[in-house]
Each structure stands twice: as C-alpha cells, then as structure tokens.
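Please look over the fold below before reading on.

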Amino acid sequence: MAHAVALVVPGRPINRNDRHHWRAKAKLTKKLRSATFDLALEQWGIPTRVLSAARCALNVAELPAAEITIADHCRTANLRDVENADVKPIIDGLTDYGLWPDDGPAHVARMTRLPPIKTGVDELVLTITWQAER
C-alpha cells in the first residue's frame, strides 16, 4: 500500500537557463523555499515543522524513501523543456517543513519529471509517494 500527498506550487518555476546574478538567484531561492513551507502548511494543514508530527498528521508511521513525480503545467502552448524547471528550492522547502530530515537518497529515492502540458495555468504539481515496506 502506498501513501501519497500532492503539493501545488503556483506560478512559473525558476528556469535553469535564466542567468540571474547569484545574489538575485539566492533571494529568489530563499523566497521559494519559504513559500513552499507556507504552501505545505496551507494545503496539508500540518501546523508544525517537527518531522514526527508531520508523519503522524500524514498517517504514516515510518516513512520509507519518497518518490516524487513533478508535473509542469503551462499556461500557454510554449511548453518548457522537461528538465528546465528548477525544483531544488521546492524540495529544500519541504526539508525545511520537516517532511524528511534531509533530501539525500535515504529520504528521496527518485524524482520523475513528466513532460510539460498546457493546462491554462502556470504551476508545478509535486506528488510525493511513499511505498509501504515489503
């Protein structure tokens, strides 16, 4: 049995091809990490950064490594390259939130990117799945 949660991150993702000055990129990354934390609180209703409390609220006892599926929804027909959306700040925001102690391979086993699709709205949808231990 698997347990899954989805996180919808509105807006265009950070583009890996953008040539931001390092200071501007750091500011943007910090803002996105914080926004991800706030989105997780809002969408999942877990009012704490404590990992054990987050696990209890998600009804998952001991979480195995997570698998993350990233769906890039685009507003227009100008679809982004599959690998172009920078999701690292979002994953770091979920780490800040306490969903896992760190985003290393012991806690995030795999990330799968789906091809971008035109939906009429710019957003990333991250589906985080934990497979039951066998």
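Along the sequence, the elements of the protein follow the pattern β-β-α-α-β-β-α-β-β-β, which amounts to three helices and seven strands; helices (H or I, at least four residues) and strands (E, at least two) are DSSP runs, numbered from the N terminus. This is a predicted model, in which local features need pLDDT of at least 70 and side-chain atom pairs count only at pLDDT 80 or more, whereas totals for chains, interfaces and linings use all residues. Residues are numbered from 1 along each chain as its sequence is written, and side-chain values use heavy atoms, with hydrogens and water left out.

Of the 134 residues in the protein, 40% are buried, where buried means under 20% relative accessible area, exposed over 50%, and partly exposed in between, with a 1.4 Å probe and protein chains only. The accessible surface comes to about 7,900 Å², and carbon and sulfur atoms hold 54% of that area; accessible areas come from the Shrake-Rupley method with a 1.4 Å probe, and for residues only the protein chains shown count as cover. Among contacts (heavy atoms within 4.5 Å) with a separation of 6 or more, 85% are between residues 24 or more positions apart.

Strand β3, residues 66-74, is mostly covered, with seven of its nine residues buried. With which strands does β3 pair, given that pairing requires at least two DSSP bridges between two strands? With β7 (residues 123-131), β3 pairs in the antiparallel sense over eight bridges, and Ala66 has Trp130 as its bridge partner there. With β5 (residues 108-113), β3 runs parallel and is joined by five bridges, Glu67 standing opposite Arg110. With β6 (residues 117-118), β3 also runs parallel, joined by two bridges, and Cys74 stands opposite Lys118.

Helix α3, residues 88-97, is largely enclosed by the rest of the structure, because eight of its ten residues are buried. Those buried residues are Pro89, Ile90, Ile91, Asp92, Gly93, Leu94, Thr95 and Tyr97. Just after α3, Gly98 takes a positive phi of about 100 degrees.

Rolling a probe the size of a water molecule over the atoms shows where empty space is left. Here the search uses a 1 Å grid over the protein atoms alone, and a pocket is an open set of points where a 1.4 Å probe fits, with protein on both sides within 12 Å along at least five of seven lines, while lining residues have an atom within 4 Å of a point. About 200 Å³ of space lies in the largest pocket, a volume being the space filled by probe spheres set on the points, which are joined across faces, edges and corners. The largest pocket is lined by 13 residues, and Pro10, Arg12, Ile14, Leu28 and Leu32 lie nearest its centre. By type, the lining divides into ten nonpolar, one polar and two charged residues, with Ala, Val, Leu, Ile, Met, Phe, Trp, Tyr, Cys and Pro counted as nonpolar, Asp, Glu, Lys and Arg as charged, and the others, Gly among them, as polar.

Arg12 lies in the loop between β1 and β2 (14-15) and is exposed, with a relative accessible area of 53%. Leaving aside its neighbours within four places in sequence, Arg12 is in contact with Arg80 and Asp122. The C-alpha atoms of Arg12 and Ala85 are separated by 8.4 Å, although these residues are 73 residues apart along the chain.

How values were computed: Two strands pair if DSSP finds at least two bridges between them.
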